[in-house]
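I want to jot down what I look up as I go along.

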Amino acid sequence: MKHGEEENTGNPDRLDRRLFLTAAAGGALAGGVAATGCRSSAPAGSGTGSHPTGATHRAEEGERTRAGDSDWRIRSVGPPGAIEGYADRVSVLPGEEFGMYVSTTAPAFRVSAYRVGWYDGAQARLVWRSHRVAGSVQARPRPAQVTRTVRADWRRTLRVRTTGWPEGAYLLRLDADNGHQRYVPLIVRSASAAGRTLLMHAVATWQAYNVWGGYSLYQGKDGAYDTRSLAVSFDRPYDGNGAEKFMVYERAAVVLAERLGIPLAYTTGTDIHRDPGILQGASGALSLGHDEYWTPKQRAFVTRARDAGTNVAFLGANTCFRRVRLEPDATGADRTVVCYKTDYRKDPYLADHPDMPTNDFRQPPGASPESSLTGVLYEGYPVDAPYVVHRSDHWLFEGTGVKPGDSFDHLVGVEYDRVTPDMPTPAPLEIIAHSPLVCQGKHSHADSAYYTVPSGAGVFASGTMRWVEALMAGTRENGRNHGMDARTGAFVTRATENLLHAFAAGPCGRSRPKPRDNVRDVYASAPR
C-alpha cells in the first residue's frame, strides 16, 4: 500500500458469538521482575520427521480439547499512554524467556497470556498470568535523525519465562489497575514444521504500518510521505489496541486452522529469514491476510520449500511486494526493518551491496516481480468489488455449491492482485476466480489463481486482501466486515477448509487435479 491506504476495519474486539459459531462450524453455504506467573499449561513438543512426532500430535490434540477463556478481549483501551508495552522478541521457542517493557499511568498492572485457537468457540485460552507488577510512566522517544526511526528504549519491566506454553499465536494482554488494557502480540514458534502446515505471521508488515511515536514506513509525524521512517524498530509498542494487524488479517485464519484439527506449526517471516530449517518437510506454508514486507532470503527459502514439495498459499493481496533488510537493535538481532522505498539510492548500505536495494521487488536493481512465486501481481488500491467465480468445478470450491459467474459482494478489496501475462508467471496456471473491478478509473480484474510445480507442491493465491477477514463475515467479529455477509463468510470458510485439508494431505499436485491453464483464454480480450 501507499500512505493512507489502510482501510477502516472497525472494532476488531466486538463479538457476536452465536453468528460466528454458526459460520465457523457449518463450513458450507449456509526492569527486572522475573515473572513465573500464576497459571500455565503442559508443554508441547515439535515434529522432527516427515510427519509430526507422536508426542507433538498428542500435545496438539490435548491443547485443542482444553477449555477456552472467552474473557480475552480488550474492554477499554483508555486514553493514550494509559498502558502500552512491547516485547524484546517477536517470537520464542517454548521455554525461552523474553522481556517486557511497559509504560502505564496506573500504579500497577498484570500480564495475561492468551493463546489464540478454537477452544469450542471461546477462541483463546489463558495460558499464564503474572503477579501484580508495579507500574511507571516511561519516557517518550525521539526519532533518529537520518532514518527517523522511533525506538522506545524503555527500561525492562519484567522477564517472562514460557515454560509450559504450547506453540501458537499469543495475545499478551496488559491489564492496568485503572481498568485500561492493551495487547502485545507474540508467537511461540515451532522448532520444526515437518509434516505440519506452517502459519507464517507477517511481523515485518505489522511494524511497517505501526505509527507509534508518530512515524511509520508510510508517514512522518506531519502525515507526509517525505518525512516517513526509512527504518522501523520492533523496540516500541504497536499503535491502536496493540495488535490490530494480527486481529484483522491473521487471527481468523488461526482460529479456523485450529478448529479443523490439522497438524499446525507457527513461525514469523523474520524467523524464516534467520532459520529456514523450520520449512523442511512442512506439508504447507500459509502467508496470511497482509504480508507485504519480505527479505530476499525469506522469499528464496519459501521458494525452495515449494520446490521441495511444500504447498504454499497466499491468503491476502500485495504479498511479497516490498524488499526489506533486517538489522540489529539494542535488544537483539533482526529488530529493525529497513525499507527506503523510492529513496533506496540514499541507503548507505547500497554502496557496498549494489544488488540489495530496499525497494519494491519488481523494481531495479535486481528486479524480481513477486508473481514468479505467488502467480499473481499486485496491481492497485483502493477497490471494493464482488468476487466472481470462474472455475466453479475447481477442487477448492467443492461443497460450496457455486456456479460460474456466482459473485460475493465486497470480497475483493481493499487491495487486489491479478494474473499479468507479460510478467514472470508460473505455468500451467489456472485462474479460478476472475473479478471485474474499477480502480482509480481503470477497468481491470482481480484473480484467484492456482498452479503446481514439478515437486508436486500446489500454490494458491486469493488475489484479495479481504479473504481472511471474510472468514468472520456476518459475525461482527471485525467490525462491519466491509459489508460482507454470512453467505460470503460461509463460502470463504468452506474454500479455506478445502485448501487446508488438501495441504495437510501432502503435495496437492499428487492428490488433487492438475491446473488447467486458462490464462490465454481468460485474458484474450481482457484489459492488460
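Predicted model: local features only at pLDDT ≥ 70, side-chain atom pairs only at ≥ 80, totals over all residues.

Which residues in the largest nonpolar core touch the most other members? I got Tyr293, Tyr387, Phe397 and Phe491, out of 80 residues in that core. A nonpolar core here is a set of buried Ala, Val, Leu, Ile, Met, Phe, Trp, Tyr and Cys residues joined through side-chain atoms within 4.5 Å. Buried means under 20% relative accessible area, exposed means over 50%, and partly exposed is in between, with a 1.4 Å probe and protein chains only.

Ground rules, before I forget them. Residues are numbered from 1 along each chain as its sequence is written, and side-chain values use heavy atoms, with hydrogens and water left out.

I looked up Tyr293 next. Not counting residues up to four places away in sequence, Tyr293 touches a list of residues including Ala204, Tyr209, Leu217, Tyr218, Arg322, Val324 and Cys339. Contact means heavy atoms within 4.5 Å. Another core, of 31 residues, lies apart from the largest one, and Leu279, Ala305, Leu429 and Val519 are among its members.

I followed Val519 from there. Val519 is found in helix α12 (residues 519–522). Helices (H or I, at least four residues) and strands (E, at least two) are DSSP runs, numbered from the N terminus. Val519 counts as buried because its relative accessibility is 13%. Leaving aside neighbours within four places in sequence, Val519 is in contact with Val419, Pro421, Leu429 and Ile431. I also checked Ala449: its C-alpha atom and that of Val519 are separated by 9.6 Å, with the two residues 70 apart along the chain.

**Sheets**

In what order do the strands of the 7-strand sheet run? I read β13-β11-β14-β16-β24-β23-β22, an open sheet with mixed pairing. Two strands pair if DSSP finds at least two bridges between them. At the edges I found β13 (264–268) and β22 (429–439), each pairing on one side only. The twist averages 15° from one strand to the next. Strand β11 (residues 197–201) runs parallel to β13, and 5 bridges join them. In that pair, Leu198 stands opposite Ala265 in β13.

I noted another open sheet, with 3 strands in the order β12-β19-β18 and antiparallel pairing. Its edge strands are β12 (231–233) and β18 (325–329). Here the twist averages 45° from one strand to the next. I counted 3 bridges between β12 and strand β19 (residues 332–338), and Ser233 stands opposite Thr336 in β19.

Then there is strand β8 (residues 158–161). Leu158 and Val160 are on its covered face, Arg159 and Arg161 on the uncovered one. A reminder to myself: in a regular strand the side chains alternate between the two faces of the sheet. Strand β4 (residues 97–104) runs antiparallel to β8, with 4 bridges. Met100 stands opposite Leu158 there.

**Helices**

How do α5 and α10 cross? The axes of α5 (residues 251–260) and α10 (residues 486–504) come within 11 Å and cross at roughly 60°. That angle makes α5 oblique to α10. Axes are lines fitted to C-alpha atoms, for helices over the stretch in contact, and angles run from 0 to 180 degrees between N-to-C directions. Under 35 degrees counts as roughly parallel, over 145 as roughly antiparallel, 65 to 115 as roughly perpendicular and the rest as oblique. Among the residues that meet, I wrote down Leu256 and Leu260 in α5 and Thr493 and Leu500 in α10.

I found a cis peptide bond from Pro364 to Pro365, with omega near -5°. Pro365 is in the loop between β19 and α8 (371–374). Another cis bond joins Gly413 and Val414, with omega about -25°, and Val414 lies in strand β21 (residues 407–418).

Is Asp153 buried or exposed? Asp153 counts as exposed because its relative accessibility is 56%. Asp153 is not a glycine, yet has a positive phi of about 55°. Gln440 is not a glycine either, and its phi is positive at about 50°. I place Gln440 in the loop between β22 and β23 (442–452), exposed with a relative accessible area of 66%.
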